[in-house]
Amino acid sequence: MSTIEDAIREFEVVIPNNTSAGQTVQERIIQLLEELRFEERDVFGIRLALEEALVNAIKHGNQMNPDKTVRISCRAAMERVRIEIEDQGEGFIPADVPDPTADENIERPCGRGIMLMRAFMTSITFNATGNCVILEKQRSEPEPESEPQAESA
Amino acid sequence: MTPGNRKLDIEEVNGVTVARFTDKKILDESNIQIIGNQLFSLVDDDHRQKIVLDFTNVEYLSSAALGKLITMDKKVKAAGGKLRLCAIRSDIKEVFKITRLDKLFQIIDSRDKAVEGF
């Protein structure tokens, strides 16, 4: 008999190049994670990383071009989720993105997306062209339940 | 502005403007654009100088939202005012910490403390 522990959910979609289509697929992935009972803090981090990756693909990769599309594939299992996001842009070199935490960049209003993806995911990798990012997250250990308060004598 | 588009609840407390975000998620470019415009209007149109941004309702925020907050901070400073952030939940505080923006913004735990001593 199959149980939730064996469950693997996967799908692949190609969406039009706009952020509301991005939001829809984001919700679909979050729903999968909730079905698989990922911890709340994992879901927080994955949603944030997804938002950053989708905005990067739509805005920077595809340059908001409505004729372009974004391909998203997701494979979610009990222990791990893997999401691939590919745009039709020219790509970029991740190492060329300036460090947003450097004093000279701290007041710049943009450039923090990749840093947040790295911070919240277990791994993020780009293909050689830089137009496809793979986000992976290993399930966190459950938060320890708080000890019941000892009754005072 | 239609009520559905109102992204900030504004309250005046002892001469301090408290702006509470109404959305749970400050995500999506077009939404963030609207929020940014409503924030900037507090300085550009209403000339408010003591502003507290209340994050009580906010569960998610992206780097694009951080960008708007940075621009807001610059605007307030340029106008000779002060901006404080309050009631930020721990997950989001982590976002400010990772990006080192906890050093740029004045972040105060409770709304009452944020309103005091401007």
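A polar contact here is a pair of N or O atoms within 3.5 Å; within protein, one must be able to donate a hydrogen and the other to accept it, and residues adjacent in sequence count only if both atoms are side-chain atoms. The model is predicted, with local features needing pLDDT of at least 70, side-chain atom pairs counting only at pLDDT 80 or more, and totals for chains, interfaces and linings using all residues. Residues are numbered from 1 along each chain as its sequence is written, chains are lettered from A and ligands numbered from 1 in the order in which they are written, and side-chain values use heavy atoms, with hydrogens and water left out.

**Stop 1: B:Thr99**

Select B:Thr99, in the loop between α3 and α4 of chain B. Helices are DSSP runs of H or I with at least four residues, strands are runs of E with at least two, and both are numbered from the N terminus. A polar atom of the B:Thr99 side chain lies 3.2 Å from the backbone oxygen of B:Phe96. B:Thr99 counts as buried because its relative accessibility is 0% (buried is under 20% relative accessible area, exposed over 50%, partly exposed in between; 1.4 Å probe, protein chains only).

Now show its contacts, meaning heavy atoms within 4.5 Å. Leaving aside neighbours within four places in sequence, B:Thr99 touches B:Leu66 and, in chain A, Thr101, Ile106, Arg112, Met115 and Leu116.

**Stop 2: the interface**

Select both sides of the contact: 23 residues from chain B and 27 residues from chain A. About 2,100 Å² is buried between the chains, and carbon and sulfur atoms give 63% of this area. Buried area is the accessible area (1.4 Å probe) that two parts lose on being put together, summed over both. On chain B, highlight B:Glu29, B:Tyr60 and B:Ile98, which supply 25% of the area that chain B buries against chain A, more than any other three residues.

Between the chains, eight residue pairs are in polar contact (both at pLDDT 80 or more). Colour chain B by element: β5 (60-61), α2 (63-78), α3 (90-98) and α4 (101-104) each supply at least two residues of the side that touches chain A. The largest share, six residues, comes from α2(B).

**Stop 3: A:Glu27**

Where is A:Glu27? A:Glu27 lies in helix α1 (residues 19-35) of chain A, and its relative accessibility of 33% is why it counts as partly exposed. Not counting residues up to four places away in sequence, A:Glu27 touches A:Arg47 and B:Lys25.

Draw the distance to B:Lys25: the closest N and O atoms are 3.4 Å apart, and the pair forms a salt bridge (a side-chain nitrogen of Lys or Arg within 4 Å of a carboxyl oxygen of Asp or Glu). Across the interface of chain B and chain A, the rule finds three salt bridges.
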